[in-house]
Amino acid sequence: MYKNKKITIVSHLLVWFVLFSMPIVLSYAQEDFNRIVAHFWVPMVFYAIVFYSNYFLLVDRFLFSTKMLLFIIINIGMIVFFILSKEYIEDTFFQELSKSRPSRSDGDGPPIKLFIYVQILSYMAPLLFSIALKSTKRWVKTEAERKEADNIKLQSELQHLHYQLQPHFFFNSLNNIYSLVDISPDQAKSSIHSLSKLMRYMLYETNMELVSLSKEIEFMNKYIALMKLRVSDKTIVNSNFPTEETGIKIAPLLFISLIENAFKHGVAASKESSIDIQMTYNDKTVIFTVENDNFPKKTDDKSGSGIGLQNLEKRLKLLYLNKYTFKTTVKNNRFLVHLEIETM
């Protein structure tokens, strides 16, 4: 902040130095020095006063606080005062210039009305420039505050969705383990141990904005292994993930809802079924597909409540706007999911 203020001060000084130097430079030092002082430097000082009084005080205090009439009256009074002051300074301290100047009362000089209009317009330039600068500065500040507010809102929504996902995942997993308790107590015990590892990952390693894709793959493999324990031999589960380190970073827990959905809607106790899960990557684009048989749940089945896919779509819009493709289709009684994400 201090550096920015220093740069601003230096910029202002440089601008005024150039403005004060221009009469001398343009006249090639041939112009009478008194004339430069009276006709250029004195008005320039008044312009600077008009500019900075508006920039630092009047615009904020009156114009932006909707006291427009008072703002106009003060500036008109200031401009009139400086016009009269300039005339007084010329007549008092630069009498030789005043004598050599054509009189505006006779026909030799410019008309008095034209002279006043030109003077007023010359003071309008710094006034309007200060308003423009101040308005731009205020707009930039407002825009920065809006973006910060949007970012806070985004983080809040993502955090809410993240916390919403954890109990949803835990709820579905417990339902699966519950179904194993009577059938196979040993498998139920093993499932609880596996679930504890999965929950540890969800609680302690997914609070970051991005995680490595390899950790997500490890998490999904463990979850698929856990889910295989509860399905019968009639269900075939195929999964194919990259085995090498990809170096890709991605938002955590984006794919798990699609795998959950496949096991929830792609398995029937009395029918043969298959689930095919595949992930590939091309440069920085991750491609994830899931295919499973389609066994829609009854309308009164509230297990999971469908929150997973809704959660996923919301997170994708917040995290990867215009950088993802998400499609779901049903073809030949097979539910197909295709998700592509352009990672950072």
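Is Asn 332 buried or exposed? Asn 332 is exposed, with a relative accessible area of 70%; buried means under 20%, exposed over 50% and partly exposed in between, with a 1.4 Å probe and protein chains only. Asn 332 sits in the loop between β6 (324–331) and β7. Its phi is positive, about 55°, although Asn 332 is not a glycine. Most residues other than glycine have a negative phi.

This is a predicted model, in which local features need pLDDT of at least 70. Residues are numbered from 1 along each chain as its sequence is written.

Now the helices. Helix α2 covers residues 33–63 and helix α3 residues 68–93. Helices are DSSP runs (H or I, at least four residues) and strands are too (E, at least two), numbered from the N terminus. The axes of α2 and α3 come within 11 Å and cross at roughly 165°. That makes α2 roughly antiparallel to α3 (angles over 145 degrees count as such). The contact of α2 with α3 holds 17 nonpolar, 5 polar and 2 charged residues.

Thr 66 lies in the loop between these two helices, α2 and α3. Thr 66 also has a positive phi, about 65°, and is not a glycine. Thr 66 is exposed, with a relative accessible area of 70%.

Next, the strands. β4 (residues 273–282) and β5 (residues 285–293) pair in the antiparallel sense over 8 bridges; strands pair if DSSP finds at least two bridges between them. Ile 277 has Val 290 in β5 as its bridge partner. In the hairpin of β4 and β5, 2 residues lie between the strands, and Asp 283 takes a positive phi near 60°. β5 also runs antiparallel to β7 (residues 334–342), joined by 9 bridges. There, Thr 289 stands opposite His 338 in β7.

How values were computed:
Predicted model: local features only at pLDDT ≥ 70, side-chain atom pairs only at ≥ 80, totals over all residues. Heavy atoms only, no water. Axes fitted to C-alpha atoms, helices over the stretch in contact; angles between N-to-C directions. Parallel < 35°, antiparallel > 145°, perpendicular 65-115°, else oblique. Nonpolar A, V, L, I, M, F, W, Y, C, P; charged D, E, K, R; others polar.
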